Amino acid sequence: METKTGSELEFQLMRLFRGARDVFAYHQWPSERERWQELVIALFSRVCPEREAEMRDAVAELDDLGLLEIDELVTLAPYEGQPRKDSVLSSRVMETLRDRGFDASQTETALATLIDAARSLHEHCDGKIQKYLRHYGEAMLSELPDYFSFSRLKPSDVEYAFTYWLQNTLNMPISLKDEKLTRFCERFGGDTDTLVAAADRLDINLALVDDLAAQAAQADPGDGEKN
């Protein structure tokens, strides 16, 4: 039975994630939260271009203070283009940016831009930056026959190879959905769809989940006997 602490599958995924820092060396974006921060940095760089060098510190501070939560930011814009400046969250975001050298106009523009980005992700991608990227990764895979043809590889092998390539070159948050991943899911009472949903809730890059599942399969004696 699921509780507020999450399913067994989700718990085991988080446990693996926290204990596998060595695997992170192969993933530029192990946490999807960092990708969201990078988007905020890119947007703010156009709001206050003369302070681009300090932009990363400013966004890191906003995140450390808990001011980049998408579900909370969307509540600041009941009317498009009119952020609620009277809220505690608005005040804290603006105060932090002013302390980092944003002038009054830049601070207001940065706040409105942050809210617009959060609202767009909330409306179209359930508030998850990885779902935006995954949409295009999956589109690329579905269009493979339009661009590539292989005489000696099965379509499933081509899709696997290109998924692997997109993971490694673009850190694309898509999954190989291979045998090891399936076994990991079955071991903890779920399926691949459940695991993808859990990874999204935890903001873990789905490409990294493949590596974590493979690592878990290697460490489990039962899986070892099957290989």
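Visitor: Which residues make the nonpolar surface patch, and what is its area?

Guide: Y147, F148, F150 and L153 make a nonpolar surface patch of about 450 Å². Patches are built from residues with over 30% relative accessible area and no salt bridge, with nonpolar side chains (Val, Leu, Ile, Met, Phe, Trp, Tyr) joined within 5 Å and like charges joined within 9 Å; accessible areas come from the Shrake-Rupley method with a 1.4 Å probe, and for residues only the protein chains shown count as cover.

Visitor: What kind of model is this, and how are residues numbered?

Guide: This is a predicted model, in which local features need pLDDT of at least 70 and side-chain atom pairs count only at pLDDT 80 or more, while totals for chains, interfaces and linings use all residues. Residues are numbered from 1 along each chain as its sequence is written, and side-chain values use heavy atoms, with hydrogens and water left out.

Visitor: Where is L153 found?

Guide: L153 is found in the loop between α8 (144-147) and α9 (155-170), where helices are DSSP runs (H or I, at least four residues) and strands are too (E, at least two), numbered from the N terminus. With 42% relative accessibility, L153 counts as partly exposed, a class that lies between buried (under 20% relative accessible area) and exposed (over 50%), using a 1.4 Å probe and protein chains only.

Visitor: New topic: how many salt bridges are there?

Guide: A search of the whole structure finds 13, a salt bridge being a side-chain nitrogen of Lys or Arg within 4 Å of a carboxyl oxygen of Asp or Glu. One of them joins the side chains of R33 and E69 (2.5 Å, N to O). R33 lies in helix α2 and E69 in the loop between α3 (52-64) and α4, so this pair ties together parts that are 36 residues apart in sequence.

Visitor: Which residues are linked with R33 in a network?

Guide: R33, D63 and E69 are linked in a network of salt bridges.

Visitor: And how far apart are K128 and D203, N to O?

Guide: The side chains of K128 and D203 meet in a salt bridge at 3.1 Å, N to O. K128 is buried, with a relative accessible area of 17%, and D203 is buried too, at 18%.

Visitor: What about R35 and E32, buried or exposed?

Guide: Both R35 and E32 are buried, and their side chains meet in a salt bridge (2.7 Å, N to O). They are three residues apart in helix α2, which means that about one helical turn separates them.
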